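Trainee: I have a model open and some questions about it. Can we go through them one at a time?

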Amino acid sequence: MSGTGSRSRVVTRTARPDDLPAVLSLVRQHRADAHAEDVLTGHTRLNAAASGFRRLLEDPGHRVVLAVLPGPSAPGGGARGEVAVGLAVLGLDPLSLVLGNPQVTVDTFVVHREHRRCGTGARLLAAAAGYAQENGAAHVVAAVGGHEAERQRFFARMGFAPLSTRRIVALDSLVRSLAAWQRSGLPVPAPRRALARRRPNIRPVPSVAALVAEG
């Protein structure tokens with residue numbers, strides 16, 4: 001089911017421990033769409049994933065929100081007769097709390113490919129806005145990959161402006177880079193300074209009073 005037919009039926013709710021299979025399915029689809037399958041493989045032990053998911057659900061600094069199609073007629077519905085079509089992992093930026101200006105982060109944002117352009121993403125952002133209001137946050141910050149054009153356009157339409165660039169590195173690669181830097185004995189390169197423009201050599205124009213005095 002896709003298109004506007006599901007627009008009025010999608011609702012959001014806080015995830016529960018037994019939602020883990022639906023959450024993993026949505027995240028794996030997101031990683032595949034973003035060509036980052038190696039970040040989350042299908043070989044995660046279910047017990048370990050369930051334990052980590054339970055800790056995330058119990059963390060007061062995070063909220064896991066599911067967008068679902070309710071009702072027994074929902075295609076692929078589980079025991080509750082619903083199917084998960086979207087996911088958002090919301091959090092509170094720790095530094096913003098220290099500074100007294102809390103910001104809500106949207107660290108994971110997934111809409112099932114068959115349920116896009118029908119209001120699911122807007123429902124998830126509405127949940128993020130509600131979470132921000134609950135926590136007295138004035139801003140919502142979403143993590144979006146630079147190569148995710150469709151996701152970039154969606155957040156831009158919702159009023160999100162560019163903020164920063166996030167990069168990722170495998171731990172073993174970072175360790176090798178640090179070891180090579182340490183062996184080289186070279187200091188960390190300083191950031192380049194912008195070249196100062198040379199001021200043109202302009203002779204000052206004499207004042208009218210000076211010209212009169214010389215005359």
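Trainee: Which element gives the largest share of the lining of the second largest pocket?

Mentor: This is a predicted model, where local features need pLDDT of at least 70, side-chain atom pairs count only at pLDDT 80 or more, and totals for chains, interfaces and linings use all residues. Residues are numbered from 1 along each chain as its sequence is written, and side-chain values use heavy atoms, without hydrogens or water. Strand 4, helix 4 and helix 5 (149–157) each supply at least two lining residues. The largest share, six residues, comes from helix 5.

Trainee: How many charged residues are in that lining?

Mentor: The lining has 20 residues, with Val111, Arg116, Glu150, Arg151 and Phe154 nearest the pocket centre. Asp, Glu, Lys and Arg count as charged; Ala, Val, Leu, Ile, Met, Phe, Trp, Tyr, Cys and Pro as nonpolar; the others, Gly among them, as polar. By class there are eight nonpolar, four polar and, as asked, eight charged.

Trainee: In what order do the five strands of the open sheet run?

Mentor: Two strands pair if DSSP finds at least two bridges between them. Strand 1 (11–14) and strand 5 (139–142) are the edges, each pairing on one side only. The pairing is mixed, and the order is 1-2-3-4-5.

Trainee: Which residue in strand 3 does Val64 stand opposite?

Mentor: Strand 2 (residues 62–69) and strand 3 (residues 83–92) pair in the antiparallel sense over eight bridges. Opposite Val64 stands Val89.

Trainee: How far does helix 6 reach from its first C-alpha to its last?

Mentor: Helices (H or I, at least four residues) and strands (E, at least two) are DSSP runs, numbered from the N terminus. The expected span is 1.5 Å times one less than the number of residues. Helix 6 (residues 171–184) has 14 residues, and its reach is close to the expected 20 Å: the value is 20 Å.

Terms used: 1 Å grid on protein atoms, 1.4 Å probe; cavity = no way out; pocket = protein on both sides within 12 Å on 5 of 7 lines; lining within 4 Å.
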